[in-house]
Amino acid sequence: MDRVQRILRDLESADRGSSTLPEALCAACAAALPVTGVGLALMSKRGPEGLVAASDGLAKTMEDLQFDLGEGPCVDASSGGRPVLHPELRETGGPRWPAFAPAALQAGIEAVFAFPLQVGAIRLGVLDLYRDVPGTLSPQVFRDALAFSDAATRVLLYLQGQMPVDGALHPDLLLPQHDRPEVHQATGMIAVQAAVGLAEALLLLRARAFSDGRGIVAVARDVVSGNLRFHPDSEQK
Amino acid sequence: MSGIIEPSTPHERPSTMVTQQRLLQAFVELADTLVADFDVIDFLHTLAATSVELLDADAAGLMLADQRGELHLLAASSEETRTLELFELQHHQGPCLDAYHQGVAVVNVDLDTAEQRWPAFGPAVRAGNFSTVHAIPMRLRDEVIGAMNLFLVRLGKLSEGDIELSQGLADIATIGLLQERAVQQQQVLAEQLQGALNSRVVIEQAKGMLAAHHDVAVPDAFAAMRTYARRTGRPLSNVAIEIIDGTLDQEQLRPS
């Protein structure tokens, strides 16, 4: 089982109380990594769409600032499709975010690490980690943060589908992830064939694999080779 | 097992002079793509094709390690499923993973050796009708960021000069990936590598959309995307994004 699956499985078995899945994920990330807090924001092409979860008050403040100001590490991470790492916000933040940086520093945030939650062009959100002291993430911590971002990506993808926020994990969330060209190509093809967005196309592909009891790569190959076609809004047969 | 087929007899390979001339030309072409509006994935596809040509191979791929140390295919000279499989298998084992972990070239590996060393990868090489495999590390100073992989249908051996050439090509791939100069900062390196991996996924999704739109095979859709990007002087990733968000009229990208 890979690290991402382990994170998701731990979330499933933990007693989450009244907290939502994204809230539990932020709390688990903040507890597992040497950071002060973690926030999870929804993003679209237009910019921040709102806070999904925050591990503490300052994390919430950090997300609110970016939402209000329309700038900050999560905005850049989402638009650039890459992590934005500022271990010394006091040194590097000002020129980049003239409004966000002073406000964040004022609030007590000294280091920010923003990880985009994306599958190619499917932009779901950003996982923001912050620290109240400056300092870089070690390579090991960086890897762990990426694993938490992958887990968060998968959770958000399913939240976009109809999975209830506080319900049980969708069973195929726990399937191993596949980052293979055929899967992404098939996602694009299904989006056109079924006239849906890429996020929904990826869910259709995964759902089909799950219901057929086959691997997602095998189903993706059938799509790419033309042996399996999806259609708009009808029963997929 | 050796000695059954004589690899690379002189008349099969271009003369050294021609190779050097072609090499120079290739470097100029590659350098040309390194200027403004540079698209890293497009560049790496060109490099994979150039490597196949210059090193007399049949397939080439460039694999990049993510921060977890897993290798991902960024660009390949062929979209053939069996070839893609060979790259994907190397998440877990194979010459690329060895070249990546050890930071040294793994070259001239024949089928028997491959099957002994990598029980899952070796048989897939045979099934793909390849006879020889090479892997060259992509290095940035003392850090290895990935590996270049070459497959040959015939039994072939890289000479010392070929190994230097292939290392030169792998080095160019590294330079292309890390086009910003500030890579002495660990976090900039990490940002760029993750960005390149995501950029590749965007291009795969766009290939699929274009293929479904025109009802053609994925490689044809990709060729049309690249041709359009070249013709209009735009980065491949931008073209991909515009295909996905619908701002580009897909009739302009009709595969020939």
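Before I begin, a helix here is a DSSP run of type H or I with at least four residues, and a strand is a run of type E with at least two, both numbered from the N terminus. With that in hand, and remembering that what we have above is a predicted model, let me start with the second largest pocket, where the largest share of the lining, 7 residues, comes from α8(B).

That pocket has a volume of about 960 Å³, and 40 residues line it, with A:Gly120, A:Ala121, A:Arg123, B:Val202 and B:Ile241 lying nearest its centre. The elements that give two or more residues to this lining are, in chain A, β1 (37-44), α4 (73-80), β5 (122-131), α7 (139-160) and α9 (198-212), and, in chain B, α8 (186-214) and α10 (236-245). If we sort the lining of the second largest pocket by class, we find 18 nonpolar, 16 polar and 6 charged residues.

Let me stay with helix α8 of chain B for a moment, and pick out B:Gln205, which lies in it. Is B:Gln205 buried or exposed? The relative accessible area of B:Gln205 is 1%, and since anything under 20% counts as buried, this residue is buried. What is B:Gln205 in contact with, once we leave aside its neighbours within four places in sequence? The list is A:Val119, A:Gly120, A:Ala121, A:Ile122, A:His184, A:Gly188 and A:Leu198 from chain A, together with B:Ile244 from chain B. As for B:Ile241, 36 residues separate it from B:Gln205 in sequence, while the C-alpha to C-alpha distance between the two is 9.2 Å.

Now let me step back to chain B as a whole, which has 10 helices and 5 strands. Of its 256 residues, 57% count as buried, and its accessible surface comes to about 11,000 Å², with 52% of that belonging to carbon and sulfur atoms. Among the contacts in chain B between residues at least 6 apart in sequence, 64% join residues that are at least 24 apart.

One helix of this chain, α3, covers residues 81-88, and in it B:Thr83, B:Leu84, B:Leu86, B:Phe87 and B:Glu88 are buried. Those buried residues of α3(B) pack against α8 (181-193) of chain A, and also against β1 (59-65), β2 (71-76), α6 (121-127) and β5 (143-152) of chain B.

The largest cavity holds about 90 Å³ of space, and of the 13 residues that line it, B:Leu73, B:Glu79, B:Leu84, B:Glu204 and B:Lys207 are the closest to its centre. At least two lining residues each come from α8 of chain A and from β2 and α8 of chain B, and the largest share, 4 residues, is supplied by β2(B). By class, the lining of the largest cavity has 6 nonpolar, 3 polar and 4 charged residues.

Finally, a word on cysteines. How many disulfides does the structure hold over all chains? The count is 0. For A:Cys29, the closest cysteine sulfur is that of A:Cys26, and the two sulfurs are 7.1 Å apart, which is too far for a bond because a disulfide needs them within 2.5 Å. A:Cys29 counts as buried, at 0% relative accessibility, and A:Cys74 is buried too, with a relative accessible area of 1%.

How values were computed:
Residues are numbered from 1 along each chain as its sequence is written. Chains are lettered from A and ligands numbered from 1 in the order in which they are written. This is a predicted model: local features need pLDDT of at least 70, side-chain atom pairs count only at pLDDT 80 or more; totals for chains, interfaces and linings use all residues. Side-chain values use heavy atoms; hydrogens and water are left out. On a 1 Å grid over the protein atoms alone, a cavity is a set of points where a 1.4 Å probe fits but cannot get out, and a pocket is an open set with protein on both sides within 12 Å along at least five of seven lines; lining residues have an atom within 4 Å of a point. Grid points are joined across faces, edges and corners, and a volume is the space filled by probe spheres set on the points. Ala, Val, Leu, Ile, Met, Phe, Trp, Tyr, Cys and Pro count as nonpolar, Asp, Glu, Lys and Arg as charged, and the others, Gly among them, as polar. Buried means under 20% relative accessible area, exposed over 50%, partly exposed in between (1.4 Å probe, protein chains only). Contact means heavy atoms within 4.5 Å. Accessible areas come from the Shrake-Rupley method with a 1.4 Å probe; for residues, only the protein chains shown count as cover.
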